[in-house]
Amino acid sequence: MIPGGAGSPRSLAGATILQLAPALHDDPAGNAAVDTALTLLQSGARAIVAGDEGVLVGKLCAFGGEWLPMTHHSINPLRIFQNARRLARLIADERIDIVHAQSAAGAWSARTAINRMPVFLVTSFPDRVPARSWAADWFRGSLARGDRVIAPSGYVSRAVIERYKLPAERITVIPRAIDTTAFGPDAVTADRANSLRRTWGVLPETRVVLVPGRLAPWNGQLDMIDAARLLTAGSDGNIVFVFAGDDRSEPRYVRALRRQTRMHGIDTLCRFIGQCPDMPAALTAADVVAVPATEPPLSGRVVAEAQASGRPVVTTTVGALPEYVLAPPRMRDELRTGWLVAPGDVADIARAISKAFMLDATSYEALGARARQFAEFAFSAESVAEAIRGVYTSLLVRDR
């Protein structure tokens with residue numbers, strides 16, 4: 001029997017979808033599973049999520065989704081085959097039409113379980129493909145064996161195609177969702193943002209460049225400090241650079257950053273605030289958000305969140321980051337939502353931030369509105385869940 005055989009539904013209405021999520025924690029993976037389940041239920045499908053327990057179990061069940069406790073992210077071969085047997089029984093008993101595995105171990109169990117069963121397998125790759133090794137490639141190869149494969153970015157998609165010799169038509173790029181409700185112009189009051197600026201010691205008319213992210217060499221904060229020197233040379237000093245991120249894990253690097261600010265004579269213009277508990281307010285309090293990464297980050301989440309907050313972004317052309325910003329050559333100049341610069345090019349970073357500061361009020365507001373619209377279109381929970389729903393639908397309606 002092959003997937004899509006006689007009796008299988010041709011649309012989501014009446015179909016049963018089983019998601020294998022790591023856990024229903026309040027994190028990107030857990031929220032994605034719950035948001036997708038809600039979209040499925042609204043389409044008339046039955047939505048089951050199997051994974052470890054988490055705070056989102058109640059939310060899932062409240063709107064009609066079903067949760068099954070299952071630990072399927074273990075690489076223990078015994079656990080994988082135990083889960084495969086359990087999944088085989090579940091698929092047969094519950095008449096599952098599609099299994100969506102979000103981990104390599106889950107994909108191994110699912111592929112073993114659905115052997116010779118009329119069930120489709122969808123798999124999702126993580127945000128980063130690990131370094132080449134025989135063991136890692138063999139184990140994660142299970143994620144390349146889905147009938148449809150979801151990659152979180154074009155950057156990961158290209159790596160997957162090259163490494164696993166996967167046909168491009170089997171891969172769909174769907175980015176990770178962000179909370180566009182929490183990060184948005186209507187979510188943060190002016191008082192909340194201004195209160196945070198006062199905490200930073202920033203005067204009302206001072207322009208703020210926010211540099212979010214862990215203080216670490218690969219995040220390019222040294223380049224940002226060199227760019228800050230160029231930006232403030234000969235200016236009235238009406239700019240403050242706020243570095244918001246974990247400053248404890250790389251103490252030697254943090255000391256180097258502080259030395260660099262003193263050497264350039266801009267230490268009074270730089271704020272190292274550590275982790276910020278209110279990033280929506282921090283982004284709203286900023287005038288420009290800079291992400292000067294020199295190596296591919298795990299995700300471009302903060303770039304998407306900045307745009308959801310209506311702020312122009314300056315970031316580098318590493319990893320998936322260019323996919324998170326509308327800028328030439330991908331988009332016409334008048335439709336940009338930020339600037340892309342070469343990693344390590346401090347002059348380019350300074351130039352891009354200067355261009356953002358030179359926008360008049362009308363142009364600045366228009367760019368912010370475009371950024372917000374782009375974030376809602378590409379990264380909102382609703383958009384991402386709808387894209388995943390589209391992958392499921394494409395399997396159910398394809399020719400048999």
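How many disulfides does a search of the whole structure find? It finds 0, a disulfide being a pair of cysteine sulfur atoms within 2.5 Å.

Before the details: this is a predicted model, where local features need pLDDT of at least 70 and side-chain atom pairs count only at pLDDT 80 or more, while totals for chains, interfaces and linings use all residues. Residues are numbered from 1 along each chain as its sequence is written, and side-chain values use heavy atoms, with hydrogens and water left out.

1. Cys276 is in no disulfide, and the nearest cysteine sulfur, that of Cys270, is 17 Å away. Cys276 is buried at 15% relative accessible area, whereas Cys61 is partly exposed at 40%. (Buried is under 20% relative accessible area, exposed over 50%, partly exposed in between, with a 1.4 Å probe and protein chains only.)

2. Arg311. Have a look at this one: Arg311 is buried yet has no salt bridge, and the nearest side chain of opposite charge, Asp287, is 6.0 Å away. (A salt bridge is a side-chain nitrogen of Lys or Arg within 4 Å of a carboxyl oxygen of Asp or Glu.) What the Arg311 side chain does reach is the backbone oxygen of Ala286, at 2.7 Å. Arg311 sits in the loop between α11 (301-308) and β12 (313-316); helices (H or I, at least four residues) and strands (E, at least two) are DSSP runs, numbered from the N terminus.

3. Strand β12. Val313 and Thr315 point one way and Val314 and Thr316 the other, and all are buried. Strand β12 pairs with β11 (residues 288-291) in the parallel sense over 3 bridges, pairing requiring at least two DSSP bridges between the strands. Val314 is the bridge partner of Ala290.

4. Salt bridges across the sequence. The whole structure has 12 salt bridges. One of them joins Arg46 and Glu94, with the closest N and O atoms 2.7 Å apart. Arg46 lies in strand β2 (residues 46-52) and Glu94 in helix α3 (residues 77-94), so the pair ties together parts 48 residues apart in sequence. Arg46, Glu66 and Glu94 are linked in a network of salt bridges. Arg214 and Glu250 also meet in a salt bridge (3.3 Å, N to O).

5. A salt bridge within a helix. Glu386 and Arg389 meet at 2.6 Å, N to O. They are 3 residues apart in helix α14 (residues 381-397), so about one helical turn separates them. Both count as partly exposed, Glu386 at 38% and Arg389 at 23%.

Definitions and conventions. Lys, Arg positive; Asp, Glu negative; His and termini not counted. Polar contact = N/O pair within 3.5 Å; in protein donor to acceptor, adjacent residues only side chain to side chain.
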